[in-house]
Amino acid sequence: MNEDAVFRALADASRRRLLDRLHERNGQTLGELCQGLAMTRQAVTKHLGVLEEANLVSWRRQGRERLHFINPVPINEIAERWIGKFDRPRLSALSQLKQSLEGDDHD
């Protein structure tokens, strides 16, 4: 995984909005993704290209159309590496507190 590409892709609000839309309904065409956005088709295509380079979006052909799909794996990998490790000490402290309190209750 290229973390720099993922962070770069997620840094833009328009790309995050596209990911949100795909999360709501996966398998959308370019036309469907453009609906209701204040962006040109070309701008949406360019943003989708950045998301594809970061492996956050994939597509497949269905007839003459390309259906776009979100790939949550890179986001999960970042969450595990960058967010999860900061929660571990707190979770460990809470677990120890729980064990301590439960031990005191049983004495």
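Which side chain meets Glu-52 in a salt bridge? Arg-66 does, at 3.8 Å from N to O. Some notes on that pair and its surroundings follow.

1. Ground rules. This is a predicted model, so local features need pLDDT of at least 70 and side-chain atom pairs count only at pLDDT 80 or more, while totals for chains, interfaces and linings use all residues. Residues are numbered from 1 along each chain as its sequence is written, and side-chain values use heavy atoms, with hydrogens and water left out.

2. The Glu-52 and Arg-66 pair. A salt bridge here is a side-chain nitrogen of Lys or Arg within 4 Å of a carboxyl oxygen of Asp or Glu. Glu-52 sits in helix H4 (residues 41-53) and Arg-66 in strand S2 (residues 65-70), so this pair ties together parts that are 14 residues apart in sequence. Helices (H or I, at least four residues) and strands (E, at least two) are DSSP runs, numbered from the N terminus. Glu-52 is partly exposed at 26% relative accessibility, and Arg-66 is partly exposed too, at 30%. For these labels, buried is under 20% relative accessible area, exposed is over 50%, and partly exposed is in between (1.4 Å probe, protein chains only).

3. The other salt bridges. The whole structure has 4 of them. One joins Arg-81 to Glu-3, with the closest N and O atoms 2.7 Å apart. Arg-81 belongs to helix H5 and Glu-3 to helix H1, so this pair links parts 78 residues apart in sequence. Arg-81 is partly exposed at 41%, whereas Glu-3 is buried at 18%. Another pairs Glu-32 with Arg-25, the closest N and O atoms being 3.6 Å apart; Glu-32 is partly exposed at 27%, as is Arg-25 at 42%.

4. Helix H1. In this helix (residues 3-10), the buried residues are Glu-3, Ala-5, Val-6 and Ala-9. Looking down the axis, they fall within an arc of 160 degrees, so they line one face of the helix; the arc is taken from the directions from the helix axis to the C-beta atoms. Asp-4 and Arg-8 are exposed on the other side. At the start of H1, a side-chain oxygen of Asn-2 comes to within 3.2 Å of the backbone nitrogen of Asp-4. Glu-3 also touches Trp-82 as well as Arg-81, leaving out residues up to four places away in sequence (contact means heavy atoms within 4.5 Å).

5. A nonpolar patch. Phe-7, Trp-82, Ile-83 and Phe-86 make a nonpolar surface patch of about 400 Å². Patch members have over 30% relative accessible area and no salt bridge, with like charges joined within 9 Å and nonpolar side chains (Val, Leu, Ile, Met, Phe, Trp, Tyr) within 5 Å. Areas come from the Shrake-Rupley method with a 1.4 Å probe, and for residues only the protein chains shown count as cover. Helix H5 (residues 73-106) gives the largest share, 3 residues. Phe-7 lies in H1 and is partly exposed at 38%.

6. Gln-28. This one is in the loop between helix H2 (13-24) and helix H3 (30-34), and at 4% relative accessibility it is buried. Its side chain reaches the backbone oxygen of Arg-21 at 3.0 Å, and a polar atom of that side chain lies 2.9 Å from the backbone oxygen of Arg-25. Polar contacts are pairs of N or O atoms within 3.5 Å; within protein, one must be able to donate a hydrogen and the other to accept it, and residues adjacent in sequence count only if both atoms are side-chain atoms. Setting aside neighbours within four places in sequence, the contacts of Gln-28 include Leu-33, Arg-66 and His-68.
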